[in-house]
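Please look at the model first.

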Amino acid sequence: MAGGGWSDEAGNIAREAGRAGLQDVVIFQTSGSSGRPRWAVLTERSLEVSARAVNSRLRAGAGDRWVRALPSYHVGGYAVRLRAEMAGASLVELESRWDPFLFADLCVGASFTSLVPTQVYDLVRAGIAAPGSMRRVLVGGGAFDPGLRQRALDLGWPVRSTYGLTEAGSTVAIGDSRGRLRLLDCWQARTDDRGELWIAGEALFCGYFEAGELRKPQRHRWFATRDLAEIGDGELRLLGRLD
């Protein structure tokens with residue numbers, strides 16, 4: 001059992017997961033619509049499904065190198081490590097606090113990385129150009145301003161918007177060169193009569209650990225994201241939050 005965000009509760013969560021028949025679980029702390037922190041429980045298998053789908057979309061392989069600049073106790077940082085491992089690729093990690101210059105040095109010779117928009121902003125503000133080896137920079141964890149995206153592209157950073165959530169083991173969709181989000185092959189998606197996005201797939205989490213018990217997601221493995229969206233031809237268009 002791994003803990004993306006370890007605490008004194010981890011042992012209780014592991015025991016409860018075992019009673020539910022779950023083995024090799026990974027735990028990440030997240031916040032629901034109420035803003036209360038809670039634990040999302042995923043299996044190693046579900047995380048591997050997600051990593052394999054991302055690698056497939058990026059065509060990442062053993063000859064590539066990933067750079068991890070996100071903390072591994074968050075699902076995004078954990079996913080970077082796992083993608084490198086699943087592809088047989090090498091991995092370099094920013095061990096210190098975030099620094100755009102140190103990060104850029106690590107990127108020399110690297111192929112892929114994942115960042116949040118504020119990190120991209122720091123690179124752009126400092127005028128740091130991307131090394132020629134970098135093939136994709138996945139950007140998630142918040143709204144990615146189109147103007148910032150273009151400025152990063154102008155500096156050579158091959159940024160791609162992503163949509164994801166902890167409950168999905170990281171990534172649900174990756175943007176193309178025109179910024180259009182395309183669902184990964186491991187996901188099914190639909191919207192209800194309110195326009196809320198629902199997702200289903202093997203990479204989905206097992207449930208939340210709350211009040212001393214594991215509460216599983218909805219039946220039929222469909223999960224309500226609380227995001228408003230439109231879906232068409234594999235493209236996902238986000239429209240805001242339901243709440």
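## Helix 5 against helix 6

Which residues in helix 5 meet which residues in helix 6? On the helix 5 side they are Pro117, Val120, Tyr121 and Val124. Leu148, Arg151 and Ala152 in helix 6 meet them. By class, this contact has 6 nonpolar, no polar and 1 charged residues. The model is predicted.

Helix 5 spans residues 117-125 and helix 6 spans residues 146-154. Their axes lie 10 Å apart, at an angle of about 50 degrees. The two helices are therefore oblique to each other. The crossing of helix 5 and helix 6 is left-handed.

## Helix 2 against helix 3

The axes of helix 2 and helix 3 (residues 75-87) come within 9 Å. They cross at roughly 70 degrees. That makes helix 2 roughly perpendicular to helix 3, and the crossing is right-handed.

Helix 2 makes the contact with Leu47, Glu48, Ala51, Arg52, Val54 and Asn55. Helix 3 contributes Val75, Tyr78, Leu82, Arg83, Met86 and Ala87. The residues of this contact divide into 8 nonpolar, 1 polar and 3 charged.

## The second largest pocket

The second largest pocket has a volume of about 150 Å³. Its lining consists of Arg57, Leu58, Arg136, Arg160, Ile174, Gly175, Asp176, Ser177 and Arg182. Helix 2 (44-58) and strand 9 (170-175) are the elements that give two or more residues to this lining.

How do the lining residues of the second largest pocket divide by class, and how many are charged? There are 5 charged, 2 polar and 2 nonpolar residues.

How values were computed. Residues numbered from 1 in each chain as written. Predicted model: local features only at pLDDT ≥ 70, side-chain atom pairs only at ≥ 80, totals over all residues. Heavy atoms only, no water. 1 Å grid on protein atoms, 1.4 Å probe; cavity = no way out; pocket = protein on both sides within 12 Å on 5 of 7 lines; lining within 4 Å. Points joined across faces, edges and corners; volume = space filled by probe spheres on them. Helix = DSSP H or I, 4+ residues; strand = E, 2+ residues; numbered from the N terminus. Nonpolar A, V, L, I, M, F, W, Y, C, P; charged D, E, K, R; others polar. Axes fitted to C-alpha atoms, helices over the stretch in contact; angles between N-to-C directions. Parallel < 35°, antiparallel > 145°, perpendicular 65-115°, else oblique. Left-handed = near helix turned anticlockwise from the far one by under 90°. Contact = heavy atoms within 4.5 Å.
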